[in-house]
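Open the model in your viewer and keep the sequence panel in view. At each stop, select what is named and then read what is there.

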Amino acid sequence: MIGSTPNPGNPPPPEAGDAPDTPGNPVFGRLRERILRDGPVSVATFMQTALSDPDGGYYTTRDPFGVAGDFTTSPEISQMFGELVGLWCVDTWQKLGAPGAFALVELGPGRGTLMADALRAMQQVPACRSAASVHLVETSPTLREIQQRTLHANNVTWHTGLPDLGRTPTIFIANEFLDALPVNQYVKRDGRWCERVVAFDHERERLCFALDRTSGLPAGSVARELSGTRDGDTFEYSPSVRATVSDIAYHLFLNRGAALIIDYGHTRHATGLTMQAVRRHRPIDPLELPGDCDLTAHVDFQLVAETARAARTKVFGPVDQGAFLQRLGIVERANALLKRANVSQALDIRAALNRLISPKEMGVLFKVMAIGDEQIEHLAGFPADD
Ligand SMILES: C[S@@+](CC[C@H](N)C(=O)[O-])C[C@H]1O[C@@H](n2cnc3c(N)ncnc32)[C@H](O)[C@@H]1O
């Protein structure tokens with residue numbers, strides 16, 4: 001999410017006046033009750049509950065995008081982003097041999113803006129557009145309603161989890177989806193990894209972090225690169241990211257297709273805690289307002305790549321978002337839009353272009369990775385030798 005630069009450590013505590021309101025969200029009460037009854041919960045359980053609780057979960061209850069919300073994303077910055085993703089889909093469809101039917105699946109589609117812009121761009125190749133059956137994977141009823149309004153002119157099927165697509169070639173799109181999936185956290189103590197959990201501080205009547213020395217890292221979840229770690233080091237691991245990527249990759253292996261993943265994160269396994277909370281475009285303490293702030297964690301792109309390769313699919317990238325969009329022709333697209341723009345529109349187009357591709361903005365922080373079936377030699381936007 002853009003609103004503040006994702007913080008590689010824990011965000012600073014909220015400033016006076018920025019944060020709450022006493023913890024009145026039903027999510028806080030539910031977590032408190034559960035912890036008092038059953039003991040501390042994992043960070044992944046905390047994150048999952050805070051984001052997706054059916055009553056008070058952050059995504060369940062609101063539209064968090066834009067200036068009046070908590071953050072913004074690339075498709076909300078400019079139509080150019082979704083249009084170029086749409087053209088990437090057309091090119092990928094051609095590389096698949098232009099099948100007469102394929103599934104186009106977006107995970108975590110937000111307001112539906114990316115898909116609307118992508119489908120409009122795909123109309124340039126009518127055979128591709130008409131071959132696509134569109135599927136959206138969305139758990140939030142609130143965002144689903146907004147997506148229905150945005151995409152009303154299109155035939156779309158909604159799902160709460162990865163759909164069973166049968167033997168259909170598929171193109172998956174996931175922009176800022178994996179960073180919303182829950183992570184577990186670990187701290188190295190006395191030579192072994194112990195789980196960092198969320199407990200309840202009775203004195204201060206608030207949630208707090210604690211260490212569970214009886215729970216360690218699941219076997220096989222840390223790569224050899226992490227063998228040089230020392231006491232006090234920290235590490236995040238997301239079983240949800242691994243399971244999601246594994247399901248996607250096996251589908252691509254069996255049925256052909258590709259997945260485009262755009263997110264912020266690290267290109268190699270790395271130590272450090274990255275779960276952060278953002279509210280009204282500023283970082284806050286992640287335990288302060290569960291259900292009332294966005295929670296994300298950096299994506300471990302090495303985990304994504306290793307998981308995809310284990311399912312016998314090919315990995316392209318990761319490359320910087322700025323380089324990816326420029327290879328797809330974002331500068332040319334901006335110039336075409338500028339020819340028809342008035343002065344104020346021209347300012348907006350230039351600002352959006354800068355925001356999406358500048359190394360100081362989203363151009364380097366955000367990475368793009370693709371997963372493709374074994375027969376795909378190259379995918380647009382990635383270097384030729386990738
Ligand atoms: C940060 S938003 C990204 C939205 C959109 N891709 C964009 O770029 O504007 C995360 C999206 O993922 C959805 N989401 C979060 N967790 C999910 C899950 N486990 N399954 C399906 N959707 C989820 C949210 O409701 C939201 O639509």
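**Stop 1: a glycine in a loop**

Select G110 and show what surrounds it. Apart from neighbours within four places in sequence, G110 is in contact with F65, E138, L143 and Q147. Keep in mind throughout the tour that this is a predicted model. G110 sits in the loop that runs between β2 (102-107) and α6 (113-122). Is G110 buried or exposed? Its relative accessibility is 8%, and buried means under 20%, so G110 counts as buried. G372 is 262 residues from G110 along the chain, and the C-alpha atoms of the two are separated by 24 Å.

**Stop 2: a proline in a helix**

Select residues 141-150, which form helix α8, and pick out P141 in this helix. P141 has a relative accessible area of 45%, so this proline is partly exposed.

**Stop 3: helix α12**

Select residues 330-339, which make up helix α12. Which residues of α12 are buried? They are I330, A334, L337 and L338. Look down the axis of the helix: these residues cover an arc of only 100 degrees around it, which puts them on the same side of α12. Turn to the other side of α12, where E332 and K339 are exposed.

**Stop 4: helix α13**

Colour the buried residues of α13: A346, I349, A352, L353, L356 and I357. Down the axis of α13 they fall within an arc of 130 degrees, so they line one face of the helix. V343, L347 and D348, on the other side of α13, are exposed. What lies over the buried residues of α13 includes α4 (74-77), α5, α11 and α12.

**Stop 5: the cavities**

How many cavities of 30 Å³ or more does the structure hold? There are two.

The largest cavity has a volume of about 140 Å³. Its lining is made of 19 residues; to find it, select V183, E236, S238, H298 and D300, which lie nearest its centre. The elements giving two or more residues to this lining are β9 (234-237) and β14 (299-300). Three residues come from β9, the largest share of the lining. Coloured by class, the lining of the largest cavity shows ten nonpolar, six polar and three charged residues.

For the second largest cavity, select L107, A174, F177, L178, T244, I248 and I261, which line it. The volume of this second cavity is about 30 Å³. Its lining has six nonpolar residues, one polar residue and no charged ones.

**Stop 6: backbone angles**

Finish with the backbone. Most residues other than glycine have a negative phi, and most peptide bonds are trans. The next selections depart from that pattern.

Select R256 first. What is its phi? It is near 75 degrees, a positive value in a residue other than glycine. R256 is placed in the loop between α9 (239-255) and β10 (257-266). With 21% relative accessibility, R256 counts as partly exposed.

Next select R280, in the loop between β11 (276-279) and β12 (282-284). Its phi is also positive, near 50 degrees, and R280 is not a glycine. The relative accessible area of R280 is 48%, so it is partly exposed.

Last, select G317 and P318 together. The peptide bond from G317 to P318 is cis, with omega near 10 degrees. P318 belongs to strand β15, residues 314-320.

Technical notes. Residues are numbered from 1 along each chain as its sequence is written. This is a predicted model: local features need pLDDT of at least 70, side-chain atom pairs count only at pLDDT 80 or more; totals for chains, interfaces and linings use all residues. Side-chain values use heavy atoms; hydrogens and water are left out. Buried means under 20% relative accessible area, exposed over 50%, partly exposed in between (1.4 Å probe, protein chains only). Helices (H or I, at least four residues) and strands (E, at least two) are DSSP runs, numbered from the N terminus. The arc is that of the directions from the helix axis to the C-beta atoms. On a 1 Å grid over the protein atoms alone, a cavity is a set of points where a 1.4 Å probe fits but cannot get out, and a pocket is an open set with protein on both sides within 12 Å along at least five of seven lines; lining residues have an atom within 4 Å of a point. Grid points are joined across faces, edges and corners, and a volume is the space filled by probe spheres set on the points. Ala, Val, Leu, Ile, Met, Phe, Trp, Tyr, Cys and Pro count as nonpolar, Asp, Glu, Lys and Arg as charged, and the others, Gly among them, as polar. Contact means heavy atoms within 4.5 Å.
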